[in-house]
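Please read them beside the coordinates.

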Amino acid sequence: MAGPTNWFSQIGSITKFGLLSLPQRRGAAAATVIGIAGVVAVLVGVLSIAAGFRQAMAVSGSPDGAIVLRGGSDSEMVSGLGRDDTRIIADAPGVARDGQGPLASAELFVIIDLPKRTTGTDANVPLRGVEPAALRVRDNLKVTQGRLFEWGKDEVIVGRGAALEFAGLEVGSKIKVGRYEWPVAGIFSANGGAAESEIWTDAKVLQDAYHRGDSFQSVYVKLVSPGAFAAFKDALTSNPQLNVKVVRQSDYYAEQSETITRLVTTLGFLIAFLMALGAVFGALNTMYSAVASRTREIATLRALGFGAGAVVVSLLLESLLLALAGGVLGGGLAYLAFNNFHTSTMNWQSFSQITFAFRVTPALLLRGILWAAAIGLIGGLFPAIRAARLPIASALREL
Amino acid sequence: MKFLPLIWSNLKRKKLRTSLTLLSIVVAFILFGLLSSIQQALVGGVQLAGADRLIVRDKVSIINLLPESYKARMNRIPGVDFATHQTWFGGIYQDPKNFFMQCPVVPEEFLKMFPEYLLPPAQSNAWLQTRTGAIVGRNTAARFHWKIGDKIPIQSTIWAQADGNRTWAFDIVGIFDGAKKGTDTTPLFFRYDYFDEARHESGQTWAEGKVGWYTIHIKDPAQAAAVAKRVDAEFENSSSETKTEPEGAFVQAWASQIGNIVLIVAAILGAVFFTILLVTGNTMAQGVRERTGELGVLKAIGFTNAQIVSFVLAESCLLTVLGGAVGLGLAWLLTSRGDPTHGLLPLFFFPTRDLWVGAGISVALGLATGFFPALQAMRLRVADALRRM
């Protein structure tokens, strides 16, 4: 009997034959490759939306950051805290301090209507009033263009994402807030995080414009360490003067992104699964016709002593190679078309806009290639088995 | 028609190939149906918007409240039939995931404004007589197994009750149905007088006498733009300036805040149908190539080029229309049970209009996939074709 080396060389030569004859079946082969490329491009493309959104939310919350809201509220929008509350929170145990005092920023959060660049329709853009500590509470916040607003003055800075998605937010232009017009002093970045969707101004300025007196909606704090959270939370929730909800920043943002990522991921898989089913039928077609057109050739090889196993494996290899070509093509297309594609959507917790960029990650590309390989293997298996079972004598008679 | 058996037997010649191609077409049309339904769920509200209704909200942002006193002023504006208001309640029933909208409204005006909410007269009377009464849509009632007479606790994220407690109890006095297929029957509506009094007693005086947004019924839909202008002019330079637009425009702007759904759906469907075009086109081309000889014989015995072309096109169309019909039918069945997310997409259904679009696409797909093979068949020279037999 043939040894393993012989078996491998059989596979090698049959595969080589198959690949060399591809140009004669180029129509069918191209249909398979492009079909699988379509599946992979859609899968990777749709999942890159979820990946981008999750990423934007993930970089927003550092593990040593916490957000304090009024008890019972699920977002800043519906929360409310008085000045006395915010003082107690800033002085609570576990809050980090530097030369200028505690790293705690009491903030206001409202939304204003601004036109979306792509459609010109009104969108709810978040407008946040912050205290000076805000810039030290958040990591990675940088003014990239222009300058910071002056404290106490009617000025704003605009997140990079908001400036991209909504009209009229360039440095030097003015935004209308009610009867006021506030100039844009600068553009800031926050490492791609949720803050980049927002417009910022001094909390005091916003309180006056909105007749909010001396009230706030949330307090953002930086803790001395991620481990200090439990003590900080206990101190606030057990304080009878307060009725507050304390959450880790990372948990807060994870919760905000949950609805959208779950919806998009479920839809993405459903669509890709159905498309993959269609592509399997296409691949089966191609490989069956490949087997049919090579009936005599395969029968001849079998007559010469090539094993049935070698025939099966080499046909599977051929199908796999076609599928992988499709996978690479589709992944590449998705990368070119979707990576860093910037857009905005509704954050369902606060009904405000959040901007983010699609992200085609290596893990997504790998997943796409794996799907392609699976389609190729399934599409090749049944035709390969049929080829191996061909009755040699009658197949040769077709000569 | 008499050639139908010939076309049919040509398709049957390679049963496996035909069924595989058919299956991929079926899958494509199932996807078409599902994506149309998703699109309908996200942007379809525009078609349901009343042409004779305007939405009035605060000019700066919809989160800013408007005075309740605006209603009387609106009712006096020429062209306005009557106005009514709603306010976002932001309530949670048991778990934040059980999302549905709740709003305090003025019952008589509200039911007159929105005739698409069908409520039996006995139930609307009960609502008028019960201060803590609420009506809920069929969808949400069925989801949580609520019956008339139930007392439902809802925790508001925004509003406190008279005693400062944020958990409100409503008596379900009515369950409404939707007049149209896409009418959203997830919301719960309760009485504004009960709501505002509680705000007064709980000391939320900053919001007392204030409401979220207004809906205006206008006398003549053709005058919508003019009336909207008049409404905004009425409140210009006040502490709460307004922005008024037709309900359709408001819904559209809201939908485009979610993202460019139409574009995303179009891109995915484009990829799907392009792929199917290739697979089916390839099958057809193979079929014609294998039958070169036969086509030659047909031509030799006097079939015209036009007849040959129509044979091939009829075959490809038969394949795609059959696949399309099965696929669209399955999509119809799959989407007939309504919103798969329980609340996130209340308008999820497969619109009849898109069913016809799908039927049109299936014919177009047949013509497109049959085009080149048909051309190839037409150009066959009899002598060449017969020599290849």
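1. Buried here stands for 20 or more other C-beta atoms within 10 Å of the residue's own, exposed for 12 or fewer, and partly exposed for what lies in between, with C-beta atoms placed from the backbone. Strands (E, at least two residues) and helices (H or I, at least four) are DSSP runs, numbered from the N terminus. Strand 14 of chain A runs antiparallel to strand 1 (residues 65–70) of chain A, and 5 bridges join them; two strands pair if DSSP finds at least two bridges between them. Within this pair, Arg70(A) stands opposite Val244(A).

2. On provenance and confidence: this is a predicted model, in which local features need pLDDT of at least 70 and side-chain atom pairs count only at pLDDT 80 or more, while totals for chains, interfaces and linings use all residues. Residues are numbered from 1 along each chain as its sequence is written, and chains are lettered from A and ligands numbered from 1 in the order in which they are written. The model scores ipTM 0.79 and pTM 0.81. Chain B averages a pLDDT (the predictor's confidence in each residue, from 0 to 100) of 88, and 98% of its residues score at least 70.

3. The interface: 41 residues of chain B are in contact with 43 residues of chain A, contact being C-beta atoms, placed from the backbone, within 7 Å. On the chain B side, the elements that give two or more residues are helix 2 (15–43), helix 10 (247–258) and helix 11 (261–290). Helix 11 of chain B gives the most, with 12 residues. By class, this side of chain B has 23 nonpolar, 16 polar and 2 charged residues. Ala, Val, Leu, Ile, Met, Phe, Trp, Tyr, Cys and Pro count as nonpolar, Asp, Glu, Lys and Arg as charged, and the others, Gly among them, as polar.

4. The largest nonpolar core has 189 residues, and those with the most contacts inside it include Val42(A), Val156(A) and Leu31(B). Such a core is a set of buried Ala, Val, Leu, Ile, Met, Phe, Trp, Tyr and Cys residues joined through C-beta atoms within 7 Å. Helix 2 (residues 26–58) of chain A supplies the largest share of this core, 21 residues. Leaving out residues up to four places away in sequence, Val42(A) touches Ile271(A), Ala272(A) and Met275(A) in chain A, and Ile268(B) and Ala271(B) in chain B. Another core lies apart from the largest one and has 29 residues, among them Trp168(B), Ile172(B), Leu188(B) and Phe189(B).

5. Strand 1 (residues 53–58) of chain B pairs in the antiparallel sense with strand 12 (residues 213–218) of chain B over 4 bridges, and Leu54(B) stands opposite Ile216(B) there. Strand 1 of chain B also pairs with strand 13 (residues 242–246) of chain B, again antiparallel, over 5 bridges. In that pairing Ile55(B) stands opposite Glu245(B).

6. Helix 10 of chain B has 12 residues and reaches 17 Å from its first C-alpha to its last, close to the 16 Å expected at 1.5 Å a residue; the expected span is 1.5 Å times one less than the number of residues. Buried residues in helix 10 of chain B include Glu247(B), Phe250(B) and Trp254(B). Gly259(B), with a positive phi near 140°, follows the helix.

7. His211(A) has a positive phi of about 50° and is found in the loop between helix 6 (203–209) and strand 12 (215–216) of chain A. Asn237(B) has a positive phi near 65° and lies in the loop between helix 9 (224–234) and strand 13 of chain B. His211(A) is exposed because 8 other C-beta atoms lie within 10 Å; Asn237(B) is exposed because it has 7.

8. Is Tyr117(B) buried or exposed? Tyr117(B), in strand 6 (residues 117–118) of chain B, is buried because 21 other C-beta atoms lie within 10 Å. Not counting residues up to four places away in sequence, Tyr117(B) touches Leu111(B) and Phe176(B).

Conventions: Contact = placed C-beta atoms within 7 Å.
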